[in-house]
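Please view the sequence and the structure together before reading on.

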Amino acid sequence: MTHFLKRALADIRSNKFLNLITIITISLSILVVSVFLLFFENAGRVIESWNQGGRAMIYLKEEFNADMLPQLKAKINSLGDIDAMVYISKAKALDTLKKNMASQTTFLKTLKENPLPDALEIKIRSYNNFQEVQTLVQNIKAIDIVDDIEYGQGWLGKFLKIFNLFKITGYAMCGFFFLMALFITANTVRLAFYSRKLEVEIMRLVGATETFIKAPFYIEGLIQGFLGGILGLGALLITYMMVSSGITQSLASYVYLDIQFLSVKMVMFIIFSSTFLGWFGCYLSLKQIFK
Amino acid sequence: MNDKNNKNSIIRLFNVSKRFGGKLALKNITLDIQQGEFIFISGPSGAGKSTLLKILYLADNIFEGQVLIDGMNLSRISSSKLPVLRRRFGIVFQDFKLIPTRTVYENIALVLEAAGKKTSFIKKKSCRY
C-alpha cells in the first residue's frame with residue numbers, strides 16, 4: 001500500500017500542472033454543486049420556518065358545534081398526510097387575540113358577539129410538494145362544514161414553483177459539472193498512464209499483476225477527487241463566511257432568514273462523492289486502456 | 001534439439017508458426033528444451049529469433065501451434081496466471097527496457113517490486129552488487 005501511495009504521489013509530483021488543473025476542475029465542480037446544495041438546504045429550512053412546518057388553518061362554518069368535532073376530525077384524518085390536529089374554539093381564538101394584541105384590546109370590548117369562527121389547526125406532512133398540498137386542501141374544502149382553509153397558498157405556491165425551477169436547474173448544472181469533472185479526471189489519468197507507458201510495459205513483462213499496475217492510478221484518482229472536494233468545500237466555506245452575515249443583516253428586518261452552512265452529513269457526502277468521482281474517472285480511463 | 005526425455009522438458013514447442021500480415025516469420029517450429037540445457041538460437045536478421053522469444057514470454061500471443069512451459073500451455077493460460085509465468089523468466093531485453101527517468105537502483109528494484117517482494121528484500125537484493 002505504501003508503495004502504491006509513494007508511486008501515486010511521485011506521479012502527481014512529476015505531472016504537477018496536469019494534476020493541479022484536474023484538482024481545480026474537480027473543486028470548481030464541487031463548489032457549484034455544493035452552492036446548489038447549500039441553497040436547497042437553507043431554502044428548505046426557510047420554507048419550513050415561514051410555513052411553520054406545514055401549518056394550515058381550517059375555518060369552520062357558523063353551524064358547527066362541538067358534537068360534530070370527533071366526526072370531522074376522523075373525516076380529515078382519513079384524507080391522510082396530516083401530522084397533528086388541534087381544535088381552536090371561537091372563544092379560545094378570541095382569548096388568544098386579546099392576549100396577542102395586549103394594550104389594543106379596548107375595541108374588542110365593543111364587540112356584541114364573537115366574530116371569529118371555530119377552527120382546526122393542522123400540520124401537513126408533505127408540505128414541500130405543493131400539488132399534494134393543493135389536492136389535500138381541496139379535499140378538506142369539499143367537506144360541508146368547512147368554510148375556508150388558509151395555508152399561505154399565494155406566496156407558498158409561487159415560492160415553491162421558483163424553488164422547484166431552481167431545483168431542476170440545480171440538478172442539470174450538477175450533472176453537467178459532474179460529467180465535466182469526470183472526463184477531466186479520466187483524461188488526466190490517461191495522460192499519466194501514457195507518460196508511464198514504458199514503465200507499465202516493463203512491469204507487465206516482468207510479471208506484475210494488473211492490480212499492481214493499476215493501483216497507483218486509482219490512488220492518484222482518489223487523491224485528486226479528495227483534494228478537489230476539500231478545496232471546493234473550502235472555497236464554499238470562505239464565500240459563505242463572507243456573504244452570509246451580510247445577507248442575513250440586510251434582510252433580517254424584512255424576512256426571517258437563518259442561513260447555515262452545510263450539515264456535517266452533507267459535507268461528508270460531498271467529500272465522499274468527489275473522492276468517488278476521482279476513482280470513477282480513473283476506472284473509466286483504465287477500463288478503456290486495458291480492454 | 002534434445003527429445004529423449006520429456007520428463008525433464010522445461011520448454012516444448014509443437015508446430016509453432018507466426019505470421020505478420022501475410023508474411024510467415026516462423027514456420028512449424030518444434031523443439032524440446034530440457035531443464036539445465038544451454039541453447040543458442042542463431043540466424044540472420046529477420047529469421048524470427050526475437051519473435052520466438054516473444055512468443056515464449058507471451059509478449060506476442062497470436063500464433064499457431066502449441067507452446068508448453070513447465071507444463072503450462074500458453075494457448076490456454078489465463079490472464080491471472082500470466083504474471084506468475086513471467087516471474088519465472090529472466091529476460092535481458094534487446095532494447096534493455098530501462099526507464100530513463102528512474103535511478104539504476106529503481107530500475108533494478110522495479111522487477112522485484114512487480115514480483116510483489118517486500119521492501120527490505122528488494123533493498124537487500126538490489127544493493128547486493
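The points below cover the overall make-up, the domains and the sheet.

The model is predicted. Chain A holds 10 helices and 4 strands, and its domain assignment gives domain 1 and domain 2.

**Overall make-up**
- Read from the N terminus, the elements of chain A follow the order α-α-β-α-β-α-α-β-α-β-α-α-α-α.
- Of the 291 residues in chain A, 41% are buried.
- Among contacts in chain A with a separation of 6 or more, 83% join residues 24 or more positions apart.

**Domains**
- The centres of domain 1 and domain 2 of chain A, taken over C-alpha atoms, are separated by 49 Å.

**The sheet and its helix**
- In chain A, 4 strands make up an open sheet with antiparallel pairing, in the order β2-β3-β1-β4.
- Strands β2 (82-88) and β4 (146-150) of chain A form the edges, each pairing on one side only.
- From one strand to the next, the twist averages 20°.
- Antiparallel pairing joins β1 (residues 55-60) of chain A to β4(A) over 4 bridges; Ile58(A) stands opposite Ile149(A), which lies in β4(A).
- Helix α3 (residues 69-78) of chain A lies across β1, β2 and β3 (119-124) of chain A, and runs at about 155° to β2(A).

Technical notes
Residues are numbered from 1 along each chain as its sequence is written. Chains are lettered from A and ligands numbered from 1 in the order in which they are written. This is a predicted model: local features need pLDDT of at least 70, side-chain atom pairs count only at pLDDT 80 or more; totals for chains, interfaces and linings use all residues. Side-chain values use heavy atoms; hydrogens and water are left out. Two strands pair if DSSP finds at least two bridges between them. Helices (H or I, at least four residues) and strands (E, at least two) are DSSP runs, numbered from the N terminus. Axes are lines fitted to C-alpha atoms, for helices over the stretch in contact, and angles run from 0 to 180 degrees between N-to-C directions. Contact means heavy atoms within 4.5 Å. Domain bounds come from an automatic or database domain assignment. Buried means under 20% relative accessible area, exposed over 50%, partly exposed in between (1.4 Å probe, protein chains only).
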